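Take a look at the sequence and the structure first.

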Amino acid sequence: MNKVRLTLGLFLFQINMSYAGWVSGGGQVVRDGNNPWFLENTQVVKYCITSSKEFSNLPTPVENLVEQSLKYWKEEFNYSLRHSPGFEFGKIKIATQTFFKVDCDENPDLALQFGVLNELQEQFLGDPKKFIGIAVRTDYDEVNLKAKGFIYFSPDSGPLRYLGEHLKDNAWHLGYGGYLKRLVIHELGHVFGISHTEDGRIMAEGYPEELIRKPLDNFPDIWNTGLSMEGFFKYKNSLNFSNLCGLIIVTDEKPKKQAQNLTDEHKFLGLTKEPSCVFFDNLNYRQKFVAKVHYELNDPLVPIGEFNIDYSKTIAWPARSNEVVKLRLNPKQTVFHYSGDPHDLLPVAIRVVEVYGGSYHTYDGKIRKPIRANVSPSKIEIFGAYHDKVLKVY
Ligand SMILES: [Zn+2]
C-alpha cells in the first residue's frame with residue numbers, strides 16, 4: 001500500500017459494513033490479511049484491466065506493463081528460498097498461476113484499475129488521490145485460500161492526479177514507462193503476499209513515493225525510467241552506478257565544496273583530498289567494485305582503488321534472512337494438511353542476505369584492508385573498519 005500522506009491506522013477507522021473484510025496490502029497484519037492472494041491450488045487467475053484517459057498515450061501500454069510485471073514476479077519467485085513445513089505440496093510456491101486476461105464484467109479475480117474506481121471503492125479509499133497505488137483484497141475464500149481484489153493506480157494528471165507538489169507531473173509518461181512499471185510491480189508484490197521491506201527498494205513502503213519524487217536541485221534522477229529491473233529475490237545488477245555520482249555515500253550528506261574535512265569513509269578509501277564525488281563501478285558481475293573519484297565535478301574520473309568480495313569466504317554471522325511472504329492458515333482451510341497452530345505465521349518465501357569477506361586496496365599500493373559484504377538480492381553493502389569504527393563504505 002502506498003499512501004502519500006496517511007497512516008493505515010487512520011484509514012482503517014473509515015471501514016464500514018459495506019466493505020467489511022476489505023484489506024489493503026502491505027500494511028499491518030490483519031489475521032490472514034497478508035496471505036498471498038493465490039496459492040498453488042489456484043491454477044488460473046483471471047485478471048482484467050481498465051484505464052482512464054489519463055493512462056492513454058503511455059510509452060508502454062498498461063497491458064504490456066502488467067504482463068511484464070507478472071512475468072517479473074514469476075521469475076523472481078523461482079529464486080526465493082521456500083519453506084516446506086510438511087504441507088502436501090511440499091514447498092509452497094508463489095506466482096505459479098497462469099494469468100488470463102478477461103473483461104472486467106466477467107468477475108475476474110484481480111482487477112487492475114488505472115485511474116478508474118467504482119463508487120464503493122472510492123468510498124473505501126476515502127480520497128484516492130492520497131494513494132499512488134494500492135492493492136485491496138475485497139474477498140477471501142478461507143477454505144481454498146484464494147482472494148479477489150483490485151489494484152488502483154492514480155493517474156499522473158487530471159482531477160484524480162496523485163497529491164503532492166513534490167511528485168513529478170506526468171511520471172507515468174516519462175521515459176519508457178519504467179516508473180509505472182515499478183509501481184505495478186510493487187502493488188503486484190502485495191498480491192503475491194510480499195509485505196513491505198526495510199531496504200528502500202522496490203517493496204519498501206516509501207518506494208512509490210520516492211520513485212516519482214521530483215529530484216532535488218541538480219541531483220541526477222536516481223531511477224532510470226527504463227523497463228529493466230533489479231532483482232528482488234535474485235541479485236541482478238541493473239543499476240548503472242555511474243549515473244548516481246553524488247548520490248551514493250561519502251559525499252552525499254554534505255553540500256559540495258562546503259566540507260573541508262575528509263570523512264572517515266574518505267580516509268578508509270585512502271583519499272587525501274576532499275573529493276567532489278565518489279562512486280563505484282560494479283565490474284565483473286558482483287565481485288569487484290572500483291572506487292572512482294571526481295575531485296572537481298568537471299575533472300576526469302580517477303580510479304583510486306577497488307573492493308573485491310570473496311564469495312568463497314562466507315561469514316556465518318551475522319547472516320540474515322528476510323521472510324518476506326508469510327502465510328496464516330485458518331482452521332477452515334482445506335488446502336494443506338497442517339496440524340500446527342492456526343495462528344502460526346508460516347514463512348513461505350525467504351530472501352537471504354549472505355555475508356562475505358573480502359578486501360579493499362588502493363591502486364597506489366598503500367592501503368589493503370579487509371571488508372565485509374552483505375549481499376542481498378537487491379543490493380550489496382560493504383563495511384570496513386577505520387580506527388576501530390565500522391563504516392558502511394558502499
Ligand atoms: Zn506497498
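## Strands, a helix and a loop

T314 stands opposite Y356 in strand β13. This is a predicted model. T314 belongs to strand β11, residues 302-314, and β13 covers residues 345-362. The two strands run antiparallel, joined by 7 bridges.

β13 has another partner. It pairs with β14, residues 368-375, through 8 bridges, again antiparallel. Here S359 faces P370 of β14. The table sets out both pairings.

| Strand pair | Bridges | Direction | Opposite residues |
|---|---|---|---|
| β11 and β13 | 7 bridges | antiparallel | T314 and Y356 |
| β13 and β14 | 8 bridges | antiparallel | S359 and P370 |

β13 and β14 form a hairpin with 5 residues between the strands. Within this hairpin, G365 has a positive phi near 80°. In general, side chains in a regular strand alternate between the two faces of the sheet.

Now to helix α4. It spans residues 178-191, 14 residues in total. From first C-alpha to last it reaches 20 Å, close to the 20 Å expected at 1.5 Å a residue. Is α4 buried or exposed? Of its 14 residues, 14 are buried, so the rest of the structure largely encloses it. After α4 comes G193, with a positive phi near 95°.

The loop between α4 and α5 (207-211) holds M203. M203 has 21 C-beta neighbours inside 10 Å, so it counts as buried. Its C-alpha is 7.2 Å from that of G189, 14 residues away along the chain. Beyond its neighbours within four places in sequence, M203 contacts H186, G189, I194, H196, T197 and F232.

Conventions
Residues numbered from 1 in each chain as written. Predicted model: local features only at pLDDT ≥ 70, side-chain atom pairs only at ≥ 80, totals over all residues. Pairing = 2+ DSSP bridges. Helix = DSSP H or I, 4+ residues; strand = E, 2+ residues; numbered from the N terminus. Expected span 1.5 Å × (residues − 1). Buried ≥ 20, exposed ≤ 12 C-beta atoms within 10 Å, placed from the backbone. Contact = placed C-beta atoms within 7 Å.
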